[in-house]
Amino acid sequence: MSSAGSGPVRGGWLDPRKPFKDGVRPRKRQLGMALRALCLLLHLDEPEGTGRRLPKQAEAANRLGCAADELSRYLNDTRIPSQDFVERLYKEAGADAAVSGQDVGITLEALLTLRTSALAEQRGCEHCQEMNGRIDSLIQQLNAPCPQCAAHERQQEARRRQRKQLAARLRSARREEARLRMEVADLKVTVADLKAELAEKLAAEAGPQERLAAAPPAGTQLPVPRRAGDRQLSARDVSAAQQLVAQAEALDGSGREDLALTLLRQGTTELLTPAETALVVVKLRHRRRDRLADDLIHVYGRDQENQDVMAVAMELHEKGAPDDAGAVLRAALG
């Protein structure tokens, strides 16, 4: 038992693999295939409303007003059915298809045209054969893709590809934005670490200086605390400058020059003394990071106080970098 819309039982009278009898010509084969498809839409209600099933061949023949063997010849042999039979089969199949929500798949006019074509083939009429040729040509034209529809489909496909490309670019831009946000966050952490290290260094240096100022030895001169512009650099000062240069060099080497310059600008203006800043410029030159050095000089000379700029220029001049000393002064004046 099968439900509505299910295929025929293999080996049954409507098995799609069932071959035509010998001598069945092409037009009659087309008609027979169309009649088989319509018979597949026929269904009988089961008793007590338990479902629907495909009819047996005798049940279908009785419903269509013919004998079972006659129906078999219509579907599988050379026998061509009358127009009344074709119209009745179409009507019954259409009614059952509507109940099960299926599509008949062919118009009555096209079905009758197949019958006429099969008759002409059987009779061997030259005029009918010519008409069959015209029918075939028209069918090919109908099946051929419309140039306008094909062009429209190409345009739609191009738009779909363009939308996919734009979506991929948007996803890539969002990933890049997320990556840059993470790098900025890492940079802020680095700056905070440098600030903490500088605060620790200043606190360590402040203790001995306060003790010396509180109890100076007799007959000795008080030591002078190192000022912001003092050119005497401790090992800790040199280490801070080297660490800043190393981090900036790593960013620049990975193609993130903007982040490297941001790190240098914040480090030299917020953490380092002018003497340490001059050391950063010299080390950048030594490591062949000339573009970073030029940009740092320009930003520092433009944004810092004149006193700090003068101190950096003096340090650069004494470290053998008179060109950089002049550049930072010109940046301050510009």
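Modeller: Start with a definition: the expected span of a helix is 1.5 Å times one less than its number of residues. Helices are DSSP runs (H or I) of at least four residues, strands (E) of at least two, numbered from the N terminus. The model is predicted: local features need pLDDT of at least 70, side-chain atom pairs count only at pLDDT 80 or more, and totals for chains, interfaces and linings use all residues. Residues are numbered from 1 along each chain as its sequence is written, and side-chain values use heavy atoms, without hydrogens and water.

Colleague: How does the reach of H4 compare with what is expected?

Modeller: H4 has 18 residues and reaches 26 Å from first C-alpha to last. The expected value is 26 Å, so by the definition the two are close. Gly101 follows H4, with a positive phi near 75°.

Colleague: Why is the pair of Tyr74 and Phe85 called tilted?

Modeller: Rings of Phe, Tyr and Trp (its six-membered ring) pair if their centres lie within 6.5 Å; planes under 30 degrees apart are stacked, over 60 edge-to-face, the rest tilted. Here the centres are 4.7 Å apart and the planes at 55°, so the pair is tilted. Tyr74 is in helix H3 and Phe85 in helix H4, eleven residues apart. A search of the whole structure finds one aromatic pair.

Colleague: Are Tyr74 and Phe85 buried or exposed?

Modeller: Both are buried (under 20% relative accessible area; exposed is over 50%, partly exposed in between; 1.4 Å probe, protein chains only). Other buried residues of H4 include Val86, Leu89 and Tyr90.
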